[in-house]
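Q: I have a structure to go through and would like to talk it over. Can you take my questions as they come?

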Amino acid sequence: MNFTQQQVSEILDQIASGQNGYQQILKYSVEAIMRAERHEFNEKQGDSSNGYRFRSVLGHGGKLELMVPRSRHHNFYPMILALIKDQESESRNLAYELYSSGLTGEQIGGIFEQVYGQHYSKASVSNMMQTAREDVFQWLDRGLERHYPILYIDATYWYTRRDESVSNEAYYSILAVKEDGTREVIALVNHPTEGSTNWKDAFEALKKRGLQKVSLVVCDGLTGIENVIAAVFPESDVQLCTVHLARNIQAKVKPVDKQLIATDLKEVLNPERENDNPTRGYERFVAFIGKWITKYPSLKSYLEPRNRLYFTYLGYNVQIRRMIYTTNWIERLNRNYKRTLRMRSSMPSPESVLFLLGSVAMKRKEYNFPIYQLSFEPKLFPNFGMEKK
């Protein structure tokens with residue numbers, strides 16, 4: 001049948017005015033292009049037509065059910081499907097970006113319904129992110145460098161379903177500083193609770209991935225953590241977080257003394273003294289405890305030998321001490337984790353939590369910039385100009 005331009009316009013207007021009219025026009029147009037392409041393909045390749053197969057794709061404002069032409073020898077693939085495939089890839093990437101930014105699968109399904117006019121269940125959204133999930137877990141299991149000057153370690157907690165019950169489980173995170181001064185998250189591990197034995201397992205896993213030497217580990221005051229670090233990385237120094245130290249001491253004193261004790265501790269922990277060292281710092285700390293121990297006898301516990309580890313940073317160059325005397329960097333990372341997780345009351349599995357945390361870690365673009373100034377002395381990295389104890 002041959003139609004005039006006027007007749008074609010009237011037919012298109014009639015279709016467009018109906019329900020999902022523009023979707024129908026798009027469908028007919030794409031199918032017509034594919035049929036024309038198959039006709040040309042058959043003439044050039046000496047092939048013949050062999051019916052159609054059905055393919056569901058996302059279209060503007062909805063979902064299209066296309067009849068895709070086939071050739072008898074199955075060699076024909078419409079070029080326009082490559083463009084549609086790119087669109088599907090973009091949709092999967094969008095779902096991943098929304099999910100890793102904190103939206104739930106149900107919320108993403110609602111957004112896709114508004115954009116594409118098609119309802120997407122939580123299972124459908126989860127399937128769309130399968131490739132991203134594989135990429136994240138492959139990244140978490142990647143090979144590591146042989147030496148990292150600094151590791152920051154800490155655990156964060158999130159409600160996770162396991163064996164039909166929900167509990168607040170620990171997720172161990174390790175942030176590394178590389179020899180070029182840039183940073184990267186090198187491990188995310190789940191254990192139901194935090195303990196030094198679990199940290200040993202996490203460190204041993206790092207060695208299996210290629211890590212051989214660590215110069216300094218910065219961590220909180222978890223009991224026994226220094227022994228675990230010494231067992232796995234015997235050449236490493238340990239820095240316990242001074243913010244945790246100050247916070248714990250403040251919790252043992254009356255409100256009326258808090259400000260004065262904070263001032264005293266600030267002077268004890270001052271990282272700016274050029275010629276300072278760990279021994280002098282610990283001696284100041286012992287004097288500080290002696291000043292307050294009569295009023296607060298519970299402070300006696302801070303005279304234990306392991307508390308020297310709060311002053312390791314004073315053996316390093318003054319220009320990097322503020323970078324290493326607290327766990328602030330990894331605690332900031334933990335806050336970013338929770339910002340993504342907080343829209344969910346609980347997670348369906350430990351793997352789902354690790355997927356989200358890994359997604360957050362991979363996107364930390366600021367980690368690609370060195371943490372030290374180019375004017376720093378070359379000896380700072382990787383040896384830091386440290387005074388050995």
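This is a predicted model: local features need pLDDT of at least 70, side-chain atom pairs count only at pLDDT 80 or more; totals for chains, interfaces and linings use all residues.

Q: How many helices and strands does the protein have?
A: The protein has 14 helices and seven strands. Helices are DSSP runs of H or I with at least four residues, strands are runs of E with at least two, and both are numbered from the N terminus.

Q: What share of the residues is buried?
A: Of the 389 residues in the protein, 49% are buried. Buried means under 20% relative accessible area, exposed means over 50%, and partly exposed is in between, with a 1.4 Å probe and protein chains only.

Q: And what about contacts between residues 24 or more positions apart?
A: They account for 66% of the contacts with a separation of 6 or more. A contact means heavy atoms within 4.5 Å.

Q: Which residues have the most contacts inside the largest nonpolar core?
A: L151, Y152, F203, F285 and I324, in a core of 79 residues. A nonpolar core is a set of buried Ala, Val, Leu, Ile, Met, Phe, Trp, Tyr and Cys residues joined through side-chain atoms within 4.5 Å. Apart from that core lies another, of five residues, among them A95, I108, V125 and M129.

Q: What does F203 touch?
A: Leaving out residues up to four places away in sequence, F203 touches I153, I174, V228, I229, V232 and F233.

Q: Why would such side chains sit together?
A: In soluble globular proteins, nonpolar side chains tend to be buried together.

Q: Switching to helix packing. How do α6 and α14 cross?
A: The axes of α6 (residues 130-140) and α14 (residues 350-362) come within 9 Å and cross at roughly 75°. That makes α6 roughly perpendicular to α14. Axes are lines fitted to C-alpha atoms, for helices over the stretch in contact, and angles run from 0 to 180 degrees between N-to-C directions. Under 35 degrees counts as roughly parallel, over 145 as roughly antiparallel, 65 to 115 as roughly perpendicular and the rest as oblique.

Q: Which residues meet there?
A: On the α6 side, A132, R133, V136, F137, W139 and L140; on the α14 side, E351, L354, F355, G358, S359, A361 and M362.

Q: Now salt bridges. How many are there?
A: The structure holds 13. A salt bridge is a side-chain nitrogen of Lys or Arg within 4 Å of a carboxyl oxygen of Asp or Glu.

Q: What is the N to O distance for E145 and K178?
A: It is 3.5 Å. E145 lies in the loop between α6 and β3 (147-162) and K178 in the loop between β4 (165-177) and β5 (183-191), so the pair ties together parts 33 residues apart in sequence. E145 is partly exposed at 31% relative accessible area, whereas K178 is buried at 18%.

Q: What about K295 and D257?
A: Their side chains form a salt bridge at 2.7 Å, N to O. K295 lies in the loop between α11 (278-292) and α12 (321-324) and D257 in helix α10 (residues 255-268), so the pair ties together parts 38 residues apart in sequence. K295 is partly exposed at 47%, and D257 is buried at 8%.

Q: Which residues form a salt-bridge network?
A: E267, R273, D276 and R284 are linked in one.

Q: Back to α10. Is D264 buried or exposed?
A: D264, which is found in α10, counts as buried at 16% relative accessibility. Leaving aside neighbours within four places in sequence, D264 is in contact with F288, K291 and W292.

Q: And where is E184?
A: E184 is in strand β5 and is buried, with a relative accessible area of 18%. E184 and E366 are 182 residues apart in sequence and 9.8 Å apart in space, C-alpha to C-alpha.

Q: Last one: where is R70?
A: R70 is in strand β2 (residues 62-71) and counts as partly exposed at 30%.

Technical notes
Residues are numbered from 1 along each chain as its sequence is written. Side-chain values use heavy atoms; hydrogens and water are left out.
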